[in-house]
Amino acid sequence: MPSGYKLILGTGAALGAAMPATAQTLNVSVAIPRLPVAEYHRPYVAIWLEKEGAAPRTLSVWYDVDKAKGEGTKWLRDVRQWWRASGRSMSFPADGITGATRAPGDQKIAFTTGKGPLGQLSPGSYTLVVEAAREVGGRELVRLPFNWPPKPGAVFRAKGSSELGAVSLSFGK
Amino acid sequence: MKAKYLITGALAALLASGAAQAHRQWMLPSSTTLSGADSWVTVDAAVSNDLFYFEHMPMRTDNVAVTQPDGSAGKIENAATGKYRSTFDVHLTQPGTYRVASVSTGIMGSYTLNGEVKRLPRGTTKDNLAAAIPVGATNVQTAEVSNRNEIFLTLGAPTSTIFKPVGVGIELVPITHPNDLVSGEAATFQFLLDGKPAAGLKVTVIPGGIRYRDALGQQDLTTGKDGKLSITWPQPGMYWLNASIGGGREGGEGGPAAGQPGPERPAATPQRRASYVTTLEVLAP
């Protein structure tokens, strides 16, 4: 009985390291810079996941969802790399993916494996891409390459220079 | 009136294929890649020297036809013609790729009667050609002309229903979708002449914005045996693409109709002339 108990523990630990059996989260933080401009509009932001040989997965899109007659969708194409990679094949609003634009500051969003837009992640090399385009402003894209499953405590960081500030990706359970 | 302007367009397109490269016909859309459930595009249409500046004459819009992504006919709206350009709108209500095209076909040519060189009347076609040439005419010169000037617009994801060739004149068959062009990436198109691969077709590609630079930046390309060619876009922007066969300036200065007798040609076998123009938008990566 004691030995059997030990065995189960050991198996559990090994699984946890190689392929987590439980749901994990991707915690994304996106800094939207406060810009001293006369006419400021919150940027449209798209967050998506790329893996070589697989269709890109759109995780989140922040745009003017509340404008009358869906007018906010008119400018989605300005988030141009995302639009080409994934957006142009989607319909809007997209349940569990699209939401309102966000204010300047550190914006946090989490995605859970096996759920919603993230789905299951097979082991391999991924890139998390964050792209922002602002009305009467500029556009910027930040890429965060990472491996799945991640090493415990791994944090990936990148930084934009104009339309995006610090972007980070960490993992949780 | 309508026929007159149609031929004006055809003439302009022919001129564009001449050696001097003067007078280029073009349509310039406000956008080619669009999002939303429905969207509007405004198109400028003109004949000019510099691309894409309206500084010479407007292109007539009478003959502009819209093909919707499902293959059905659409329409242009709010058409207006000014001194230097025409403008019209296209309302995109279906997801997919639209074609906006001005296509004309006809016979152009000349003959000599009583020592005087006469041009075939405007609006001459294959069907009324015989009646257009009077008894006693000599040195009959004719050319069957097919001109196509078209642009493509995509709402949402690009589709290819509209690219089914009609088999007349020069046509573009996309290998790379014309609304999926990005600078630094090569695009491949196939050209057809009367429905068959146009081998050895000379194609010219010029980026817009000519007025503010010294070099034309022209790419002179030639299709392979399969009618295909590959274009790499050096920078994002609007590009003018032109292909033509049969060259020359019908009835123009230095052409056969200007007094130099050309070879006798039976009226029944006109020379083939065709031109193709499109404006392509290349996005930044």
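Start by selecting strand E1 of chain A, residues 25-32, together with E5(A): the two pair in the antiparallel sense over eight bridges. Bear in mind as you look around that this is a predicted model.

Now widen the selection to the whole sheet. Four strands of chain A form an open, antiparallel sheet in the order E5-E1-E9-E8. Its edges are strand E5 (105-112) and strand E8 (155-159) of chain A, each of which pairs on one side only. Ignoring direction, neighbouring strands in this sheet are turned by 15 degrees against each other on average.

Next stop: strand E2 of chain A, residues 44-51. Is this strand enclosed or open? Six of its eight residues are buried, so E2(A) is largely enclosed by the rest of the structure.

Then bring in strand E3 of chain A, residues 57-62, which runs antiparallel to E2(A) and is joined to it by five bridges. Here A:Leu49 stands opposite A:Arg57. The hairpin of E2(A) and E3(A) has five residues between the strands; stop at A:Gly53, which takes a positive phi near 85 degrees.

Zoom out to see chain A as a whole. Two helices and nine strands make it up, running α-β-β-β-α-β-β-β-β-β-β from the N terminus on. Of the 173 residues in chain A, 29% are buried. Among its contacts between residues at least 6 apart in sequence, 64% join residues at least 24 apart.

Move over to chain B for the largest nonpolar core, which has 47 residues. Select B:Trp26, B:Val100, B:Leu153, B:Ile170 and B:Phe191, the residues with the most contacts inside this core. Strand E20 of chain B, residues 271-283, gives the most to the core, with six residues. Which residues does B:Leu153 touch? Leaving out residues up to four places away in sequence, its neighbours include B:Pro29, B:Thr32, B:Leu34, B:Val41 and B:Tyr98. Apart from this core lies another, of 31 residues, among them A:Ile47, A:Trp82, A:Val129 and A:Ala132.

Finish where the chains meet. The contact takes nine residues from chain A and nine residues from chain B. Colour the chain B side by residue type and you get four nonpolar, five polar and no charged residues.

Methods. Residues numbered from 1 in each chain as written. Chains lettered and ligands numbered in written order. Predicted model: local features only at pLDDT ≥ 70, side-chain atom pairs only at ≥ 80, totals over all residues. Contact = placed C-beta atoms within 7 Å. Nonpolar A, V, L, I, M, F, W, Y, C, P; charged D, E, K, R; others polar. Pairing = 2+ DSSP bridges. Axes fitted to C-alpha atoms, helices over the stretch in contact; angles between N-to-C directions. Core = buried A, V, L, I, M, F, W, Y, C linked by C-beta atoms within 7 Å. Buried ≥ 20, exposed ≤ 12 C-beta atoms within 10 Å, placed from the backbone.
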